[in-house]
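Visitor: Could you walk me through this model? I'd like to start with the overall picture and then go into some details.

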Amino acid sequence: IWAVVFIGSIFLAVDSPITRAIYSLPIPLLTYSSAGRIFYITSFSAAILIGLALTYFQENNEFRKHFLIFTCGFFLITLFIAVGILNVVRSDSNSKYLMVSLRNMVIPLGFLFSTIILSVAFVKFKKYQFFMLVPLLLVALLYFDLTRYFLKYNPFVPQNIVFPKTPIIEFLQNDPSLFRIVRTDEKLLPTNTWINYKISSIEGYDPMSLENYNRFFNVVNDNSYKSAASRFAVARKYRDNFLDALNVKYLLVIKGSQIEEKIKTRYKKGFEDKNTVIYENEDYLSRAYFVPKLTATKDLEEMIKRIDDKSFNPKEEAVTVGGQNANFATEGEIDVTSYTQNRVEITTKASGDRFLILADSFEKNWSLTINGSAGKIQEVNGALRGVQIPEGTSKLEFNYWPKAFTFGLYISLASLLAI
């Protein structure tokens, strides 16, 4: 069965008409991510197959006699094929890339061959005194291989090489207000790099994209809430009023691009560098704001229908599943006094009840207190946080403490005591 898993995973990772048809289907844990990630299953099944092969090698004397000959033959054939490919494509324009690939194969193939030889020695020379050196050599080989991989994958270089300071970055960092950005091209700021610069983006941090926010992002991109969700959110064809409601103050644009021609009539040029222009959104809302209308829908389908409607304006309306319709005034004061990853503090002043939207993603493990008493956080517009605020001065405290973390903490403490 593990051989089938191994072969099947390789098949699913290779581009073909069949695999393209498979990846066009909404299959959880498979088609919502990059096809290359299935190599995790390939590696896992390969490890199990290798373990089974070593067990068979240890128990079968006849197999051991021919194993070394087979291994040497396999190594020579692999080397022969590599040299043959090199000779065939040497004149090709991509030959320099092939040379790099072949050069990168030398050390892994050397590790593979050495591991096989040491594995054979481990079984064959048990009766000799130097037998215990073999496991130590295997561990040393494994350590060297993993260290080499780690240094290539996580190179120790100065931080400014990986995260350079540019005039664009410095301009954004010098703005002390609470705001978000949106990049109109992925080349402007590679995914997740804004985390290091402590700059907020509506695309968030891609491994942590919640399903509700991801589907909400479909609407931001002018698609349906029910469109396929992915592991991460990327701003593409966005709706301007959604950017306003998501606290987007700046848009990063490639100078002279088509998108710049489209947005320059609505947004104001704030800063430019050699190849990049920052446009300022003068209509953006603060991270927390009052809305005049609360629309209660009977179920999820009705909520989706409402926020998918082109007339829906997230700056003016909060849509929930359940509850009652209501209208509110919007006059009042909102002051975000503290904002961290796990805690948000807001002070409001109003002459009557208000409905506040905090333009952050809704997640059930967030809790709320209003003036020291427990409050209710509602999921609004399919992904954001909404709160009904009483008249007068109110202090809101949002805190995030996942129940799963508490459960894991108890398990860790119990395990520690058991040891």
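Guide: Buried residues make up 34% of the 419 residues in the protein chain, where buried means under 20% relative accessible area, exposed means over 50%, and partly exposed is in between, with a 1.4 Å probe and only protein chains counted. This is a predicted model, in which local features need pLDDT of at least 70 and side-chain atom pairs count only at pLDDT 80 or more, while totals for chains, interfaces and linings use all residues. Residues are numbered from 1 along each chain as its sequence is written, and side-chain values use heavy atoms, with hydrogens and water left out.

Visitor: How many helices and strands are there in the chain?

Guide: The protein chain has 14 helices and 16 strands; helices (H or I, at least four residues) and strands (E, at least two) are DSSP runs, numbered from the N terminus.

Visitor: And what share of the contacts is between residues 24 or more positions apart?

Guide: Such residues account for 62% of the contacts with a separation of 6 or more, a contact being heavy atoms within 4.5 Å.

Visitor: OK, sheets next. What is the strand order in the open sheet of three?

Guide: The order is β7-β6-β8, with mixed pairing, and two strands pair if DSSP finds at least two bridges between them. Strands β7 (317-321) and β8 (326-327) stand at the edges with a single partner strand each, so one side of each is left without a neighbour in the sheet.

Visitor: How many bridges join β6 to β7?

Guide: Five bridges join β6 (residues 293-297) to β7, and the two run parallel; alanine 296, for instance, stands opposite threonine 320 in β7.

Visitor: Which helix lies across those two strands?

Guide: That is helix α13 (residues 300-308), which lies across β6 and β7 and runs at about 160 degrees to β7. Axes here are lines fitted to C-alpha atoms, for helices over the stretch in contact, and angles run from 0 to 180 degrees between N-to-C directions.

Visitor: Switching to helices: how many residues of α10 are buried?

Guide: Nine of the 10 residues of helix α10 (residues 211-220) are buried, so the helix is largely enclosed by the rest of the structure. Among the buried ones are Tyr213, Arg215, Phe216 and Phe217, and what covers the buried residues of α10 includes α11 (240-245), α13, β11 (354-361), β14 (378-380) and β15 (384-389). Just after α10, aspartate 222 takes a positive phi of about 65 degrees.

Visitor: You mentioned α11. Which residue does its aspartate 244 form a salt bridge with?

Guide: Aspartate 244 forms a salt bridge with lysine 315, the closest N and O atoms being 3.1 Å apart; a salt bridge is a side-chain nitrogen of Lys or Arg within 4 Å of a carboxyl oxygen of Asp or Glu. Aspartate 244 lies in helix α11 and lysine 315 in the loop between α13 and β7, so the pair ties together parts that are 71 residues apart in sequence. Aspartate 244 is buried, at a relative accessible area of 1%, and a network of salt bridges links Asp240, Asp244, Arg266, Asp283 and Lys315.

Visitor: How many salt bridges come out by that rule?

Guide: The count comes to 22. Another of these pairs is aspartate 360 with arginine 385, whose closest N and O atoms are 3.9 Å apart. The pair links distant parts of the chain, with aspartate 360 in strand β11 and arginine 385 in strand β15, 25 residues apart. Aspartate 360 is buried at 6% relative accessible area, and arginine 385 is buried at 3%.

Visitor: Last one, the surface: which residues make the nonpolar patch?

Guide: Trp401, Phe405, Leu409, Tyr410, Leu413 and Leu416 make a nonpolar surface patch of about 680 Å². Patches are made of residues with over 30% relative accessible area and no salt bridge, like charges being joined within 9 Å and nonpolar side chains (Val, Leu, Ile, Met, Phe, Trp, Tyr) within 5 Å, and accessible areas come from the Shrake-Rupley method with a 1.4 Å probe, where for residues only the protein chains shown count as cover. Leucine 413 is found in helix α14 (residues 403-418) and is partly exposed, at a relative accessible area of 44%.
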